[in-house]
Amino acid sequence: MGLFDKAKKFLGGHGAKVQLTRIERQPASDAQMPLTDTVIQGNLEVSSDQDCVVLEHVFQFAAIYDDDEGVSQTHLLGEDSHDDSTDIIGGDLKWPYDLPAGETAKDSFLIHMDDDIPTQLGKLGFGDPAEAVSSGKVKFRLRVIADVKGSPFDPKSEAFVRIVT
């Protein structure tokens, strides 16, 4: 066990991990979606080496780009969460939920964006959003965070989603 792992355990580390498994019905590592979509959906799994309580899952879909000064910017396109204020019809998880050591909890998500990607990129100053996407000037990151009770180190999983024009 390394020094960082020892410090995490001392400060309340839980050994919890979250993993995006599917995005848009595709493996998370190869996910793509059309430029004009206004929703993104997927699945995740949470596991832990120790017993813990998960308070919330947070889902964020963001555009990442460099501004005119070359400084990296992140613009949140949409977000959602599952917690004790949400009741997922047909869902197995009741919030907060206990996650016993060695067990896995599964969840799904659907993030609804207020506007489609071209509209949001236009508001950020991209004159031709399709060109900005196809040239790689803008990248799209999906992040999920599992809020674990009593831990300063909440596990997260990220994947970049390819946007097809």
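W95 and Y97 are both buried, meaning under 20% relative accessible area with a 1.4 Å probe and protein chains only (over 50% is exposed, in between partly exposed). Their ring centres sit 5.1 Å apart with planes at 70°, so this is an edge-to-face pair. For the cut-offs, rings of Phe, Tyr and Trp (its six-membered ring) pair if their centres lie within 6.5 Å, with planes under 30 degrees apart counted as stacked, over 60 as edge-to-face and the rest as tilted.

A quick word on the source: this is a predicted model, where local features need pLDDT of at least 70, side-chain atom pairs count only at pLDDT 80 or more, and totals for chains, interfaces and linings use all residues. Residues are numbered from 1 along each chain as its sequence is written, and side-chain values use heavy atoms, leaving out hydrogens and water.

The structure has four aromatic pairs. Another of them is Y65 with F126: centres 5.4 Å apart and planes at 85°, so edge-to-face. This one links distant parts of the chain, with Y65 in strand β5 (residues 52–66) and F126 in the loop between α2 (117–123) and α3 (129–134), 61 residues apart. Helices (H or I, at least four residues) and strands (E, at least two) are DSSP runs, numbered from the N terminus.

Now follow β5 itself. Of its 15 residues, 11 are buried, so the strand is largely enclosed by the rest of the structure. Strands pair if DSSP finds at least two bridges between them. β5 runs antiparallel to β9, with 11 bridges, and V58 partners I145 there.
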